[in-house]
Amino acid sequence: MTPTPSDLLTSARALADDLTALRRELHQNPEVGLQLPWTQGRVLQALEGLPLEVTTGTTTTSVVAVLRGKHEGPAVILRGDMD
């Protein structure tokens, strides 16, 4: 069953408090530069258990998470900086 826009909005609203808390936690523990081991670990922890293909950087502490759809077609890319 394909979720309706209303279903998606309800699901997003249910996550709002947790996402706000995560954002605040990340901002309360600042790291400087391209080596962000605490931030990377916390982001990986937050993504744990989600149906994502997660990879990490080899020269920086980046995180890439890919969510694949069931059908080929247009893609949406979201980017967030951890610095």
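In what follows, a contact means that heavy atoms lie within 4.5 Å. The model is a predicted one, in which local features need pLDDT of at least 70, side-chain atom pairs count only at pLDDT 80 or more, and totals for chains, interfaces and linings use all residues. Residues are numbered from 1 along each chain as its sequence is written, and side-chain values use heavy atoms, with hydrogens and water left out.

**Overall form**
- The protein chain holds 2 helices and 2 strands, which are DSSP runs numbered from the N terminus (helices: H or I, at least four residues; strands: E, at least two), and their order from the N terminus is α-α-β-β.
- The radius of gyration, taken over C-alpha atoms, is 15 Å, well over the 12 Å that the globule rule (2.2 Å times the number of residues to the power 0.38) gives for 83 residues, so the protein chain is more spread out than a compact globule.
- Of the 83 residues, 8% count as buried, where buried means under 20% relative accessible area, exposed over 50% and partly exposed in between, with a 1.4 Å probe and protein chains only.

- In helix α2, which spans residues 37-47, the residues T39, Q40, R42 and V43 are buried.
- These residues cover an arc of only 165° around the axis, which puts them on the same side of α2; the arc is that of the directions from the helix axis to the C-beta atoms.
- The buried residues of α2 pack against α1 (5-28), β1 (53-56) and β2 (63-66).
- Just after α2, G49 takes a positive phi of about 85°.
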